[in-house]
Amino acid sequence: MTPPIPGDTLSGTPPCVSIVISAYNRAGFLPTCLSSLCTQTYPSSRYEIIVVDDGSSDGTADKAREVLSHWGGAFQVIQKANGGPASARNAGIRASQADVIAFIDSDCVADSNWLTALTDVLNSSDAAGVGGPLVNSSPKGWVSNYLNAADFYRHRVRAGKVDYLLTANVAFRRIALLQVKGFAVLDGVWSEDADLSFRLVQSGYTLLLAKQGIVTHYGTPVSVRGLIKNLYRYGYGNCVLSIHWKNGRTPGTELIRHGGAIVLSPFLALSYTRRVGLAWAVAFWPLIAIEHTAFVVGLISGMMRGISRGRL
């Protein structure tokens with residue numbers, strides 16, 4: 001099917017939207033995600049779904065085509081060599097001609113009003129991007145209980161302004177994405193969503209939050225190993241990408257901040273007492289130390305990479 005025609009927001013026609021999902025070996029969960037996107041309250045003639053299969057080996061692309069073939073709207077399934085989520089999302093951006101590009105992760109499920117809620121905020125403002133509420137859902141356990149109590153997977157706000165938006169629940173104006181050349185693609189680097197937000201803000205754009213349009217995230221790490229792996233990648237990405245940032249988030253300042261969190265981890269753990277009770281708060285202590293230690297190790301690895309390449 002051909003993509004929907006771009007809308008005229010001045011005449012009240014809903015803008016054309018492309019929903020981009022980066023997927024890697026998600027044949028098991030992807031149908032649940034896609035089913036939620038096929039039942040949006042947004043007019044089906046005004047949005048398309050673009051699945052970018054990032055080199056999967058489990059039939060992700062075939063499963064996406066199977067699910068979307070039963071939907072009456074427009075869709076694309078793109079297959080590419082594995083290059084990471086930033087590379088996959090950029091492929092989705094290139095495939096789109098829409099006014100607005102929305103992103104959701106392949107381990108997420110969107111409420112039926114998701115697309116309407118995000119585009120309503122964009123239409124009523126001059127913002128370049130808007131993030132919707134994120135709810136984390138995962139099996140109960142030590143690590144997942146901590147991450148949920150800490151509200152770890154969320155959009156960040158500083159001094160009353162949006163600091164950065166997560167790609168699990170966000171929509172951007174395509175023209176703004178093109179101006180900053182999309183997501184930064186570097187091998188093994190995460191934090192590309194924060195990097196994109198920082199570069200948009202530095203270019204003079206505004207980011208906002210929507211009160212409606214919930215997305216439920218099911219990909220919270222449930223093991224210490226998974227927590228360490230993720231935080232290491234965030235720390236590494238923070239260091240490598242920060243060369244383009246002008247917001248004070250230098251590797252040195254982040255090293256001090258996260259190193260301080262390791263030292264203060266017992267007190268940070270106790271701050272959760274009112275929320276989860278003393279027993280769980282005490283149990284969170286080693287996880288807080290592990291979280292920030294993994295981030296610091298990632299930072300240092302990034303700094304060593306920078307030194308070896310003459311960038312630090």
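1. Thr220 is buried, at a relative accessible area of 5% (buried is under 20%, exposed is over 50% and partly exposed lies in between, with a 1.4 Å probe and protein chains only). The residue sits in the loop between strand 12 (215-217) and helix 8 (224-241); helices (H or I, at least four residues) and strands (E, at least two) are DSSP runs numbered from the N terminus. Beyond the neighbours within four places in sequence, Thr220 is in contact (heavy atoms within 4.5 Å) with Asn136, Ser138, Ser144, Leu147, Asn148 and Tyr153.

2. On the basis of the values: the model is predicted, so to speak of a local feature requires pLDDT of at least 70 and a side-chain atom pair counts only at pLDDT 80 or more, while totals for chains, interfaces and linings use all residues. Residues are numbered from 1 along each chain as its sequence is written, and side-chain values use heavy atoms, with hydrogens and water left out.

3. Asp151 has a positive phi of about 50 degrees, although the residue is not a glycine. Its place is the loop between helix 5 (142-149) and strand 8. With a relative accessible area of 33%, Asp151 is partly exposed.

4. Asn25 also calls for a look at the backbone: its phi is near 50 degrees, a positive value in a residue other than glycine. Asn25 belongs to the loop between strand 1 and helix 1 (30-37), and its relative accessibility of 30% makes it partly exposed. One of the residues that Thr60 touches is Asn25.

5. Thr60 is part of helix 2 (residues 60-68). Its relative accessibility is 0%, which counts as buried. The side chains of Thr60 and Asp58 are joined by a polar contact of 2.6 Å (a pair of N or O atoms within 3.5 Å; within protein, one must be able to donate a hydrogen and the other to accept it, and residues adjacent in sequence count only if both atoms are side-chain atoms). Leaving out residues up to four places away in sequence, Thr60 touches Ala23, Asn25, Arg26, Ala27, Leu30 and Asp53.

6. Helix 3 (residues 85-95) is mostly covered, with eight of its eleven residues buried.

7. Cys16 is in none, and the nearest cysteine sulfur, that of Cys38, is 16 Å away. Cys16 is buried, at a relative accessible area of 2%. Cys33 is likewise in no disulfide, with the sulfur of Cys108, the nearest cysteine sulfur, 6.8 Å away. Cys33 counts as buried, at 0% relative accessibility.

8. The second largest pocket holds about 260 Å³ of space. A pocket here is an open set of points on a 1 Å grid over the protein atoms alone, where a 1.4 Å probe fits, with protein on both sides within 12 Å along at least five of seven lines; lining residues have an atom within 4 Å of a point. Points are joined across faces, edges and corners, and the volume is the space filled by probe spheres set on them.

9. The lining of this second largest pocket consists of Arg158, Lys161, Val162, Asp163, Phe198, Val201, Gln202, Tyr205, Thr206, Leu207, Lys246 and Asn247. Strand 9 (161-164) and helix 7 (192-202) each supply at least two of the lining residues. By class, the lining has five nonpolar, three polar and four charged residues (nonpolar: Ala, Val, Leu, Ile, Met, Phe, Trp, Tyr, Cys and Pro; charged: Asp, Glu, Lys and Arg; polar: the others, Gly among them).

10. Val157 lies in strand 8 (residues 156-158) and is partly exposed, at 44% relative accessibility. Apart from neighbours within four places in sequence, its contacts are Val162, Asp163 and Leu209; Val162 and Asp163 also occur in the pocket lining. Val157 and Leu208 are 51 residues apart in sequence, and their C-alpha atoms are 9.6 Å apart in space.

11. Ala294 is in helix 12 (residues 278-308) and counts as buried, at 7% relative accessibility. Not counting residues up to four places away in sequence, Ala294 touches Ile228, Leu231 and Tyr232. The C-alpha atoms of Ala294 and Leu208 are separated by 30 Å, the two residues being 86 apart along the chain.

Conventions
Disulfide = S-S within 2.5 Å.
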